[in-house]
Amino acid sequence: MHRTTLGDFELTIFSDGLYHLDGGAFFGVIPKTMWEKKMPADQQNHVSAGLNSVLVRTPKQTVLIETGIGNKLSEKMFKIYGQPAKLLENLSAGGVSPDDIDVVINTHLHFDHCGWNTLRRGHKIAPTFPKAKYYVQEGEWHHASRQFERDRISYISDNYDPLIESGQMQLLKGDQPILPGISVKVFPGHTAHMQAVILQSGGRAACYISDLIPTSAHIELTWGMAFDLFPVDTIESKKQYYGESIPNKWLTIFTHDPRFPWAYVNRNADGRMVAEPLSNSK
Ligand SMILES: [Zn+2]
């Protein structure tokens, strides 16, 4: 169990399990001879990726950042990625029921980030977290709805359209606060409107940076994923992020790291990026 405190907030990682991604796609233009030292691939060139959600308990509310893959993948998608579908049982084992969640924040709408937003009940789609308000960027939803050839496979409309239709999901326009100490900030690159979630309490801060820096193996500026729609923007956004996170000692939370869900990322004397895992996280 990975748990830590941040001022008045308690942060706990809940995983939806591990899934497999093609190592080449995961590391973009980086040669395999370099990335396989950090993340070994199997015979099919698959690497194991994590699906880390964060539960944030503030003194007043319970917030879930990201909802994994869920259990609604088609047979074809299931064959490609697997469907671990562990989030609800892991939440339950941690004493958290779906009714406890007040707010759900999706950084973007790729299927591996919002899968448990909804459940299929018979022929109907229902919210998994019935009492929660859900948030995502409006621009991300517009992009998802347009179904571009390049990335329409990444979007499953049952994860969000029913929530938008019912008014349970709110569409945000740019950077803004969600609750006291919890805000979102758009970092373009992976998609144009992917938002990070910034947590601030008691003079400390953490950031769920999502697919801008998906694992501790992606901390160098040029180590981006082939999935990124705007790779040059990914580099600029990473620079901007480190410009705030390093001097202010932000804890960086990694969405797809199977081993280290969070770390302090610093630049060492040689100019290399280094991730220092959180020592008190257990
Ligand atoms: Zn993504």
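Me: Leaving aside its neighbours within four places in sequence, which residues is Arg204 in contact with?
Reply: Heads up, this is a predicted model, where local features need pLDDT of at least 70, side-chain atom pairs count only at pLDDT 80 or more, and totals for chains, interfaces and linings use all residues. Residues are numbered from 1 along each chain as its sequence is written, and side-chain values use heavy atoms, with hydrogens and water left out. Contact means heavy atoms within 4.5 Å. Skip the neighbours within four places in sequence, and Arg204 touches Thr5, Leu6, Gly7, Leu199 and Tyr264.

Me: Which side chain makes a polar contact with the side chain of Arg204?
Reply: Such a contact is a pair of N or O atoms within 3.5 Å; within protein, one must be able to donate a hydrogen and the other to accept it, and residues adjacent in sequence count only if both atoms are side-chain atoms. At 3.2 Å, the partner of Arg204 here is the side chain of Tyr264.

Me: Is Arg204 buried or exposed, or in between?
Reply: Buried means under 20% relative accessible area and exposed over 50%, with partly exposed in between (1.4 Å probe, protein chains only). Arg204 has 34% relative accessibility, so the label is partly exposed.

Me: How far is the C-alpha atom of Arg204 from that of Tyr155?
Reply: Along the chain, Arg204 and Tyr155 are 49 residues apart.
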